[in-house]
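This report describes selected features of one protein chain.

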Amino acid sequence: MEAGRRLHSCVKISPMPELPEVETIKRDIEKSLIGHKILGVWTDWAKALKPEPEVFKKAIVGKKFKSVGRRAKLLIFHVDSVPLVAHLKLSGRLLYRDQKEPTDKFTHVVLKLDREKELRFADLRKFGWMKVLKDEDELDAVLGEFGIEPFTADFTLENFSKVLQSKKTAIKPLLMDQSQIAGVGNIYADESLWCAMIHPLRSANSLSEKEVNELFTCVQDSLQSGIKDRGTSVDMYLDLFGERGEHEKNLKIFRRDGSPCSRCGSEVKKTRVGGRGTHFCPKCQLK
DNA sequence: CAATCAACCTGGGTGC
DNA sequence: TGCACCCAGGTTGATT
């Protein structure tokens, strides 16, 4: 276990932009990128630009960033009237930088802007992408694939309860199922379940009314707490200006295996649920 | 229909 | 020192 702790403290690659991280980037973009004109597009990784680099370039060069939004973990831009969406997946970063600042080797897309600025897309694992959409109908179709969105009018206890009651799958994979509940990834799923004292393998439709209530509150609190700290940097997420988020020190359960549970003192355990690393307190979160 | 799983990637760890 | 192998995880798409 000592080895386990040491291993985790050395892991340098686990960004995981989830709702709070993407929301942080979105808010910073509102204050910086909006209004900039796109002068050119550079890439060394064709797959990052959809539908394909030439179409992507043609659609946006000469136009201005007008708005930015977020749905689940997706960033939504409008470049003039052209919808553009971006997904950071596991290791993507968006950076707003002066042209003269050096780029790192993970930078695979650069949007050259006016006023000597750049929007850089860096991605160690190259899973992320930016995509130009045809029109608002296509955007509606993309956004319609997601489930209930936290912090919107749709995210009611009634709707949350309906989602849980309709599935007998384990609660953790359901929390992370973007088509059901939008924006929750591995970190905030673990945090939410610890907060609500629910074991990650509990069948979703087996939760009591009280547990559903608790989880409903905990999901929102965990996400809100992450936003307040400008996201979690474990260890690669950086915000639009290249700064780390502060939420890592406020994590209650994620990657704390081997340490005492901050609620009951029992040793935090790590296991696998749905193929993903899952952290829980065996005393607080009974099966 | 639901659960499972490889594939997409890279770097950093371990074990031999 | 080197090298094969494993792991991290969001999402898609194929398979069971």
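Where does Leu 90 lie? In this predicted model, Leu 90 is placed in the loop between strand 5 (82-87) and strand 6. Is Leu 90 buried, partly exposed or exposed? Leu 90 has 19 C-beta neighbours inside 10 Å and therefore counts as partly exposed, since a buried residue needs 20 or more.

**Backbone geometry**

Pro 51 itself belongs to the loop between strand 2 (49-50) and helix 3 (53-60).

Glu 116 is not a glycine, yet its phi is positive, at about 60°. This residue sits in the loop between strand 7 (107-113) and strand 8 (117-123). Glu 116 counts as exposed because 10 C-beta neighbours lie inside 10 Å, and the limit for that class is 12 or fewer.

Arg 255, also a residue other than glycine, has a positive phi near 60°. The loop that holds Arg 255 runs between helix 8 (209-228) and strand 10 (269-273). Arg 255 is buried, because 22 other C-beta atoms are within 10 Å.

**Helix packing**

Two packed helices are described by the angle between their axes and the distance between the axes. The table gives these values for two helix pairs.

| Helix pair | Axes come within | Crossing angle |
|---|---|---|
| Helix 7 (residues 186-196) and helix 8 | 8 Å | roughly 135° |
| Helix 2 (residues 19-32) and helix 8 | 8 Å | roughly 40° |

The crossing angle of roughly 40° makes helix 2 oblique to helix 8, because angles under 35 degrees would count as roughly parallel. Helix 2 passes helix 8 in a right-handed crossing. On the helix 2 side, Leu 19, Pro 20, Glu 23 and Thr 24 take part, and they meet Leu 223, Gly 226 and Ile 227 of helix 8. By class, the contact of helix 2 with helix 8 divides into four nonpolar residues, two polar and one charged.

Helix 7 and helix 8 are likewise oblique to each other, because only angles over 145 degrees count as roughly antiparallel. The crossing of helix 7 and helix 8 is right-handed. Helix 7 contributes Tyr 188, Glu 191, Ser 192, Cys 195 and Ala 196 to the contact, while the residues of helix 8 include Glu 211, Leu 215, Cys 218, Asp 221 and Leu 223. The contact of helix 7 with helix 8 comprises seven nonpolar, three polar and four charged residues.

In what order do the four strands of the open sheet stand? The order is 1-7-8-6, and the pairing is antiparallel. Strand 1 (38-43) and strand 6 (92-98) are the edge strands, each pairing on one side only. On average, neighbouring strands of this sheet are turned by 15° against each other, with direction ignored.

Strand 1 and strand 7 run antiparallel and are joined by five bridges. Gly 40 stands opposite Lys 112 in strand 7.

Methods:
Residues are numbered from 1 along each chain as its sequence is written. Chains are lettered from A and ligands numbered from 1 in the order in which they are written. This is a predicted model: local features need pLDDT of at least 70, side-chain atom pairs count only at pLDDT 80 or more; totals for chains, interfaces and linings use all residues. Helices (H or I, at least four residues) and strands (E, at least two) are DSSP runs, numbered from the N terminus. Axes are lines fitted to C-alpha atoms, for helices over the stretch in contact, and angles run from 0 to 180 degrees between N-to-C directions. Angles under 35 degrees count as roughly parallel, over 145 as roughly antiparallel, 65 to 115 as roughly perpendicular and the rest as oblique. A crossing is left-handed if the near helix is turned anticlockwise from the far one by less than a right angle, and right-handed if clockwise. Two residues are in contact if their C-beta atoms, placed from the backbone, lie within 7 Å. Ala, Val, Leu, Ile, Met, Phe, Trp, Tyr, Cys and Pro count as nonpolar, Asp, Glu, Lys and Arg as charged, and the others, Gly among them, as polar. Two strands pair if DSSP finds at least two bridges between them.
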